[in-house]
Amino acid sequence: MSVRLRVDPIICDGHGVCAELFPERLSLDDWGYPVVDTEPIGRDLLAHARRAVAACPVLALTLERV
Amino acid sequence: MGAVIAGGGRPVVVVNAAEGEPASGKDKLLLTRAPHLVVDGALAAAAAVGARDVFICVDRHAADALSSMSRALDERSALEPTPVPVRLMAVPSHYVAGEESALVRWLDGGPAKPTVVPPRPFERGVGRRPTLIDNVETLAHVAHIARWGPDWFRSTGTPSEPGSTLLTLSGAVARPGVYEAPLGASLGRILERAGADGSGLSAVLVGGYFGTWLTAEQAAAARVSCDDFGCFGGGLGCGVVVALPWGACGVSEAARVMSWLAASTAGQCGSCVHGLASLADATAAAARGRAPRDVALQLLRWADQVEGRGACRLPDGAARFLRSSLATFQQELDRHLRGGHCPEHRPVLPLPSPTRDTWR
């Protein structure tokens, strides 16, 4: 089983914490909203991904099974 | 359709007649001229998926369409009750209210704003039940096929794309209106029929404000087919065809449309709200000749950034329209940016004034 990041664009308020914590897979667009790399996340990066998900102040970022 | 039957719970059929596309008139025409055909199609679809509820969703500002459909439903119930209840619903007047997920959300008591998909309506729709949502024109075809059979339907069109389609022509045509054409027909011929002067056109917009521009030459050579419009990077979409005359300003037209699309956001997704506003502002500045010389690069970069970033396809459609406008009107844009004179011209593309309707 592998997982990937998913952001709910309606819930997301553009706090930007996620991109700060997990720049390997998340960047911000010109307006401060996260652009998600949806490639499956390997074991080496899973802890970083979980930390970014947990830090989202509005719970817009989730890990979904692929 | 198969997915709706296979899903859990009694399916629901929704007739999408929101027709928020400003230049489109085909759905309203069907509702006013052939409402019983639409009801027949909806009931055939309901029978096919085993639905117990049918909702016909019409823009609440389309008064003629609403009263025509209301009368048709009264006529039916005066004769005999329909096999399943058919309810006419007047949906808020917004461009994005016609998105499938927005209709479901509104029918369930929420605002007529799109939701994040999946789950798609055929998986979990109205009342969490599998929901078949079809456009008015599709259901009119269904009614005809049910009545006359598939061979009759295949007797026009092409083998790979049988049947006919409705096109709404406007702009620089002497006889604007809704035209029915077999799939595979020549777009050039249809424009001629509508009274367009082929040599007097600057460009033709196909597919509405989610669509793409064709040059006059491309339009003359194009065929009305998903395959053919596909090769121009657009799609037949809602069947809107707007002819832009020589002398009109493609850059100003693009700026007007971008500003309207930006104002049409449901206000939910940050990249759509802010991205479309940035795109509209920069396009307007370019049309006034008050933009940096490399504004096209900035616009293309932003178009890439907003694409795929919303719950619905509004940002995707805006990005496609903008890219197509930049490619088609490159020379006009250069002229604007060099401070060239752009004569006063009457706007061509039809745009309603920004809606003040509520979302409920």
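**Backbone, cores and contacts**

Author: Happy to. Leu59(A) is exposed, with 11 other C-beta atoms within 10 Å. One thing to keep in mind is that this is a predicted model.

Reader: Okay, and what is the phi of Leu59(A)?

Author: Leu59(A) is not a glycine, yet its phi is positive, about 55°. Leu59(A) sits in the loop of chain A between α2 (46-55) and β4 (61-65).

Reader: Let's hop to chain B. What is the phi of Arg128(B), and where is that residue?

Author: Arg128(B) has a positive phi too, about 65°, and is not a glycine either. Its place is the loop between α5 and β4 of chain B.

Reader: Which peptide bonds are cis around Pro118(B)?

Author: The bond from Val117(B) to Pro118(B) is cis, with omega near -5°. Another cis bond joins Pro118(B) and Pro119(B), with omega about 0°. Pro118(B) belongs to the loop between α5 (100-107) and β4 (131-135) of chain B, and Pro119(B) lies in the loop between α5 and β4 as well.

Reader: Nice. Changing topic: which residues touch the most other members of the largest nonpolar core?

Author: That core has 121 residues, and those touching the most other members are Ala42(B), Ile56(B), Val58(B), Val204(B) and Leu279(B). There is also a second, separate core of 15 residues, which includes Phe22(A), Tyr33(A), Ala52(A) and Cys56(A).

Reader: Let me zoom in on Val204(B). What is it in contact with, leaving aside neighbours within four places in sequence?

Author: Val204(B) contacts Trp213(B), Leu214(B), Ala216(B) and Ala219(B), and also Val241(B), Val242(B), Ala243(B) and Leu244(B).

Reader: Last topic, the two chains. How many residues are in contact there?

Author: On the chain B side there are 12 residues, in contact with 9 residues of chain A. Both α12 (270-287) and α13 (295-306) of chain B supply at least two residues each to the side that touches chain A. α12(B) gives the most, with 4 residues.

Reader: And by class, what is that side of chain B made of?

Author: The side of chain B that touches chain A has 7 polar, 4 nonpolar and 1 charged residues.

Key
Residues are numbered from 1 along each chain as its sequence is written. Chains are lettered from A and ligands numbered from 1 in the order in which they are written. This is a predicted model: local features need pLDDT of at least 70, side-chain atom pairs count only at pLDDT 80 or more; totals for chains, interfaces and linings use all residues. A residue is buried if 20 or more other C-beta atoms lie within 10 Å of its own, exposed if 12 or fewer, and partly exposed in between; C-beta atoms are placed from the backbone. A nonpolar core is a set of buried Ala, Val, Leu, Ile, Met, Phe, Trp, Tyr and Cys residues joined through C-beta atoms within 7 Å. Two residues are in contact if their C-beta atoms, placed from the backbone, lie within 7 Å. Ala, Val, Leu, Ile, Met, Phe, Trp, Tyr, Cys and Pro count as nonpolar, Asp, Glu, Lys and Arg as charged, and the others, Gly among them, as polar.
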